[in-house]
Amino acid sequence: MTTTEMMTLKTEPFVLNFGPVHPSTHGVYRMRATLDGEVILDIEPVVGYLHRGIEKLAEERTFSGFIPLTDRLDYISPMSNNLAYCLAVEKLAGIKIPERGEYLRVIMAELQRLANHCVAVGSFLNDCGAYYTPFMYTFREREKIVDLFDMVCGQRLTYNYMRIGGVSQDIPEEFLPALKKLVKQLARFIEEYERLLKQNEILLARTKGVGILSRETAINCGISGPVARASGVAWDLRKADSYSVYDRFQFDIPVGEAGDSYDRYRVRIEEMRQSLRIIEQAMKDVPGGPVRAELPHLIRPPRGEAYGHLEAPKGELGFYIVSDGSIAPYRCHIRPTSLINLSALREMVKGWKVADLIAIFGSIDITMGEVDR
Amino acid sequence: MTQVYAVKDLAARLEERFPGSLEESDGDSLVVRAGSLLAVMAYLKDTVGLEFDYLNYITAVDYYSYFEVVYQLTSLTHNHTVVVKTRCQGRNNPSVPSVTGLWGGADFQEREIYDLMGIGFKGHPNLKRIFLWEGFPGHPLRKDFVP
């Protein structure tokens with residue numbers, strides 16, 4: 001081939017399909033990536049493979065009968081989903097929760113955050129190419145948290161533990177000693193994990209400066225949770241719109257600067273430390289008394305609407321509920337953290353290589369159950 | 001704690017700035033006429049002192065005689081929040097203006113409402129069904145939907 005011929009050669013963009021069944025897509029997410037060679041020009045997300053119509057199902061169930069379905073939203077952190085829904089109904093009906101119930105809620109929600117971040121950082125490193133070794137470490141620790149959940153509610157994945165007005169049952173005697181032990185173990189584990197990975201050269205090369213999400217874009221796209229905080233948005237609903245008894249505990253909000261994949265990873269690790277701090281304070285003074293308010297079997301909130309939200313492990317999770325005074329919600333909208341956090345993915349991956357797409361996508365931490373609902 | 005912005009004050013300011021833009025403002029939310037929605041939203045987003053820069057969520061409710069589209073806005077600077085609503089009549093192709101130009105996060109949520117509730121968003125760059133496939137009969141979240 002002559003040089004002149006080479007000069008006139010053109011590359012052509014082509015479409016590569018990721019998923020819905022692909023090891024990197026965390027479920028049944030699908031992307032249609034337009035590539036120029038290995039460089040990403042654009043991506044188009046295709047969702048809906050796990051759509052079960054949960055918002056419609058809510059309209060045919062009683063207020064408390066909907067709680068088990070919330071487990072199926074973000075199935076990595078069902079405790080937070082339960083709690084967000086209960087907070088919304090309690091706001092609508094003006095229900096007060098006994099102190100002991102509030103403390104148990106905080107402990108469970110923070111344990112859930114730890115369990116979620118274990119999965120999040122494990123699968124993120126998986127996506128970075130550290131195939132399954134870090135995942136095994138984090139799953140080993142998550143297992144211990146799941147054992148505690150099993151102890152309080154008899155379930156390992158779909159807990160259905162929160163109730164409108166409190167929690168379903170009191171903790172058994174052996175729970176608090178086991179929790180104490182676990183907190184110590186987890187603190188050690190985070191240090192160990194950090195030693196292995198904080199300065200790991202491969203991790204740094206794959207994530208430092210990759211997939212930058214600017215502060216402005218994060219706010220404009222409604223991004224929340226660790227992803228937004230890694231971009232410098234110091235916004236955590238546990239402090240900004242404090243709910244339950246979070247205002248009684250000391251903790252910090254870890255914030256990143258660069259907004260790259262590495263910062264998102266770091267923020268999650270730091271949040272795990274803060275969660276341990278909250279649990280340590282909470283378990284010291286769990287008050288006695290009932291764990292659940294006395295309520296009629298069928299709850300009929302007055303006509304009206306309410307939006308209850310909380311800082312779920314992935315970001316702001318909220319329920320907008322409209323009541324017409326009957327035993328079932330007239331409308332129940334779920335603010336899907338995972339779906340909204342994907343809004344900025346397109347901006348984040350443009351210009352990066354295919355392998356980076358996987359790592360950037362992994363650093364957002366989504367669950368398809370919540371994207372599709 | 002996030003403060004709910006006093007709707008009365010806001011309604012008075014809006015009535016002065018955009019006469020006739022409000023349909024109703026009692027209770028906890030502003031009900032804006034669809035025609036003035038974009039102007040009001042831009043005002044809420046960019047005015048110093050209000051700066052509602054964060055769109056929490058968009059959703060829609062079917063009240064049989066009309067659809068209500070609900071927006072919750074929060075200011076991360078001032079930590080206050082407000083609920084803005086707009087209504088559209090008619091069950092055949094109701095539509096409201098799209099706010100994707102103001103908040104990028106509205107993109108998927110408006111597509112979701114279009115898909116499940118059948119409300120169009122004028123000016124949306126890529127308005128097509130998001131969860132269900134093209135050709136799916138009807139919009140499941142409508143109250144008169146029969147599977």
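This is a predicted model: local features need pLDDT of at least 70, side-chain atom pairs count only at pLDDT 80 or more; totals for chains, interfaces and linings use all residues.
Helices here are DSSP runs of H or I with at least four residues, strands are E runs of at least two, and both are numbered from the N terminus. Residues are numbered from 1 along each chain as its sequence is written, while chains are lettered from A and ligands numbered from 1 in the order in which they are written.

Let's stay with helix 15 of chain A, residues 354-364, for a moment. Nine of its eleven residues are buried, a label that asks for 20 or more other C-beta atoms within 10 Å of a residue's own, with C-beta atoms placed from the backbone (12 or fewer is exposed, and in between is partly exposed). Among the buried ones are Leu357(A), Ile360(A) and Phe361(A).

One partner of this helix is helix 5 of chain A: the two pack at about 175°, with their axes 8 Å apart. Axes are lines fitted to C-alpha atoms, for helices over the stretch in contact, and angles run from 0 to 180 degrees between N-to-C directions. That angle makes helix 5 of chain A roughly antiparallel to helix 15 of chain A; the scheme calls angles under 35 degrees roughly parallel, over 145 roughly antiparallel, 65 to 115 roughly perpendicular and the rest oblique. Ser123(A), Phe124(A) and Asp127(A) of helix 5 meet Ile358(A), Ala359(A), Gly362(A) and Ser363(A) of helix 15, where contact means C-beta atoms, placed from the backbone, within 7 Å. By class, this contact has three nonpolar, three polar and one charged residue. Nonpolar covers Ala, Val, Leu, Ile, Met, Phe, Trp, Tyr, Cys and Pro, charged covers Asp, Glu, Lys and Arg, and the others, Gly among them, are polar.

Helix 5 of chain A (residues 99-127) also packs on helix 12 of chain A (residues 261-284), at about 155° and with axes 9 Å apart. These two helices are therefore roughly antiparallel as well. Their contact includes Leu111(A), Leu114(A) and Phe124(A) from helix 5, and Ile269(A), Met272(A) and Ile279(A) from helix 12. Its residues divide into 15 nonpolar, two polar and four charged.

Helix 4 of chain A (residues 78-93) is another neighbour: its axis and that of helix 5 of chain A come within 8 Å and cross at roughly 140°. Helix 4 and helix 5 of chain A are therefore oblique to each other. Here Met79(A), Ser80(A) and Leu83(A) of helix 4 meet Arg105(A), Met108(A), Ala109(A) and Gln112(A) of helix 5.

Now for a sheet. Chain A has an open sheet of three strands in the order 1-2-3, with antiparallel pairing; a pair needs at least two DSSP bridges. Strand 1 (14-18) and strand 3 (39-46) of chain A are its edges. Five bridges join strand 1 to strand 2 (residues 30-36) of chain A, and Val15(A) has Thr34(A) as its bridge partner.

Finally, look across to chain B. There, 23 residues are in contact with 27 residues of chain A. Strand 4 (54-62) of chain B, along with strand 5 (66-75) and helix 3 (106-117), supplies at least two residues of that side, and strand 4 gives the most, with six.

Key
Two residues are in contact if their C-beta atoms, placed from the backbone, lie within 7 Å.
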